[in-house]
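Please open the structure in your viewer and keep the selection tool at hand.

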Amino acid sequence: MSVSDSDSSSHGTDYKFFLQTSRDRLLLEMMGSTRTGDSRSTWKVLIMDKVTVKVLSHCCKMSDITDQGISLVEELFKRREPLPSMDVIYFIQPSKENVVMFLSDMSGREPLYKTAYVFFSSSVPKELVNHIKCDSSVLPRIGALREAFTTDHDGALQELYGENAENSRKFDACLNVMASRIATVFASLKEFPRVRYRAKTPDASEGTFRDTIPTKLATAVWNLVSKYKSIPNFPQTETCELLILDRSVDQIAPVIHEWTYDAMCHDLLDMEGNKYVVEVPSKMGGEPEKKEVLLEDNDPVWLELRHAHIADASERLHDKMTTLSKNKAAQVHSARDGGEISTRDMQKIVQALPKYKEQIEKLTLHVEIAGEINEIIRDMGLRELGQLEQDLVFGDAGAKEVINFIRMNQDASPDIMLRLLLIYACVYPEKFEGDKGTKLMQLAKLSEKDLEVVKNMQLLAGSSINKKTTSSSFSLKFDNQKIKHAARKDRTGEEETWQLFRFYPVLEELIEKLSKGELAKNEYSCMNEPSSAVQETTTKASARSSNAPVVPEKKTTPHSMRSRRTANWGKSHRSDDGHSGDAVLKNAALDLRKMGQRIFIFIIGGATRSELRACHKLTTKLRREVVLGCTSLDDPSQYLKKLKMLSEIQAPQQDGFRF
């Protein structure tokens with residue numbers, strides 16, 4: 001897509017959220033642009049690859065796609081039936097394999113489709129364009145050939161931070177692809193960012209090439225976006241913030257147990273992406289039935305509860321079921337067995353039953369899921385573990401508590417022990433010097449391979465795993481314990497929260513400092529420091545956004561962190577029947593109409609669900625949309641696998657990156 005097609009950046013008068021803008025780009029400017037002339041009434045086929053399928057599914061519902069005249073959606077590399085009378089839209093990555101497959105579809109005397117509208121997900125190399133031009137049978141059958149934007153790069157952690165990664169051909173290729181796709185996002189949104197990045201601190205005595213990766217990526221992104229100023233109607237001054245970080249900024253967030261409904265679903269349940277198979281009671285009273293559930297933004301119950309503490313989510317689901325059973329539709333429904341029913345009551349029954357049935361089924365599914373999560377928490381003793389994890393992070397626990405837990409829970413799974421020791425290593429790195437780490441691993445019944453995972457954390461931090469270590473012995477006794485450390489400080493001004501809701505990612509503080517202009521320049525440098533005039537404009541814009549109507553902050557007295565109340569930002573508006581409908585979501589969006597400039601965060605090496613939660617929270621708090629970008633969105637098990645792979649030389653095939 002050409003960048004001049006849209007006027008939806010955050011500097012414009014009509015503010016659109018990032019997701020809405022992405023949806024408009026895909027539906028209106030990609031699919032909608034093919035509905036011209038005689039083709040306006042013609043149904044089309046939509047063909048995508050594995051990555052672009054993810055992009056579209058995050059932004060659009062199937063009904064949205066159908067409204068744009070799409071009757072069939074297929075994957076590029078699956079066997080497809082010829083439909084020579086139908087037009088086709090290709091939304092694919094600009095790779096050699098994809099182009100070859102496209103040409104195979106559309107070349108020769110009998111192409112699979114009539115006319116092809118081709119949209120690439122990022123900039124197309126000239127050699128691929130020339131390859132298409134060389135096929136004279138295909139050219140007359142192309143209705144459009146354009147570039148859009150995409151996401152997803154699951155192998156970036158190993159390709160950039162793995163053992164000997166800097167000597168791999170994939171290192172530069174990975175950075176270049178990442179920079180190109182990040183820049184394409186800003187081109188598509190017509191946003192000109194201030195490009196900030198986490199820089200190697202001047203006083204760092206030791207370091208490796210890994211320290212410079214955010215700098216290299218920021219430089220590559222800036223080299224691309226700075227050229228956009230020559231495009232007609234593109235902003236000439238900065239319209240948003242981009243902060244580039246890497247996973248070393250917070251190594252606790254990927255492994256600590258996050259207690260929200262969303263995080264618990266992905267951490268404890270056997271999910272495939274956003275899909276989960278849940279057993280629900282049979283309608284006929286027989287064996288439980290299996291049902292596939294998609295936990296995504298199209299589900300209003302999920303949208304309301306995903307960032308709520310699992311205990312809060314469970315209570316609110318119970319309240320919703322109780323409220324729904326008392327609403328008028330349910331009362332009329334139950335009145336059918338109570339004697340004669342008037343025609344008017346019968347009409348109400350007919351009108352209310354479909355909606356009532358749909359709501360009951362949706363709530364029942366979530367009740368079953370939340371119930372299964374709570375059962376797993378009880379069976380695995382996660383509350384005790386969660387308390388220890390957070391006490392470690394906040395400096396309220398040390399070696400004594402960790403060793404006691406390991407000794408008392410010898411039957412705990414290796415992953416649980418490994419995650420606990422990774423947190424311990426982040427807070428007390430000196431406890432893993434020499435043979436101390438080996439002793440701890442042996443006590444936890446973990447293998448040498450698991451000890452490599454702890455060492456690999458040092459790769460992310462930029463230090464060398466070949467550093468000389470001390471040979472001091474390690475005692476499992478508790479005498480002479482050192483002063484306890486703390487990786488976090490309790491946030492001031494925060495409302496009371498549920499137990500085990502104390503943890504917050506480092507990203508939350510960084511975003512707040514970025515919004516206030518308080519990031520330390522020696523740690524977070526800027527490729528394009530704005531002029532004083534631009535800074536003044538930004539300050540005024542932030543002031544305007546701060547004047548938008550907000551929920552007044554509730555002042556609280558000192559409280560225990562074991563309180564069972566939840567913060568206001570975790571709650572959403574509720575409709576009368578306890579069901580968050582589309583109207584509620586629209587009303588919530590209206591509260592945020594006066595928004596300041598967008599803040600884009602990009603984390604090399606993957607982001608976590610706690611960081612995603614922080615971005616949603618701060619969008620409301622700061623009145624600035626915070627968009628989290630990353631090479632992948634990882635659950636703890638996925639992150640542990642990637643940490644283990646850092647010692648391996650071979651890296652998985654690159655895919656893309658995610659916003």
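What follows is a list of selections and what is found at each.

This is a predicted model, in which local features need pLDDT of at least 70, side-chain atom pairs count only at pLDDT 80 or more, and totals for chains, interfaces and linings use all residues. Residues are numbered from 1 along each chain as its sequence is written, and side-chain values use heavy atoms, with hydrogens and water left out.

Start with helix 1 (residues 18-31) and helix 2 (residues 50-59), which pack at an angle of about 115 degrees with their axes 9 Å apart. Helix 1 is therefore roughly perpendicular to helix 2 (the term covers 65 to 115 degrees). Show Leu19, Ser22, Arg23, Leu26 and Met31 of helix 1 with Val55, Leu56, His58 and Cys59 of helix 2: these make the contact (heavy atoms within 4.5 Å).

Next, select helix 17 (residues 436-443) and helix 18 (residues 448-461), whose packing angle is about 130 degrees, with axes 10 Å apart. Gly437, Thr438 and Met441 of helix 17 meet Glu448, Asp450, Leu451 and Val454 of helix 18.

Last, go to strand 12 (residues 626-630), where five of the five residues are buried, so the strand is largely enclosed by the rest of the structure (buried means under 20% relative accessible area, with a 1.4 Å probe and protein chains only). Val626, Leu628 and Cys630 point one way, Val627 and Gly629 the other. Phe600 has Val627 as its bridge partner.

Note on methods: Buried means under 20% relative accessible area, exposed over 50%, partly exposed in between (1.4 Å probe, protein chains only). Helices (H or I, at least four residues) and strands (E, at least two) are DSSP runs, numbered from the N terminus. Two strands pair if DSSP finds at least two bridges between them. Axes are lines fitted to C-alpha atoms, for helices over the stretch in contact, and angles run from 0 to 180 degrees between N-to-C directions. Angles under 35 degrees count as roughly parallel, over 145 as roughly antiparallel, 65 to 115 as roughly perpendicular and the rest as oblique.
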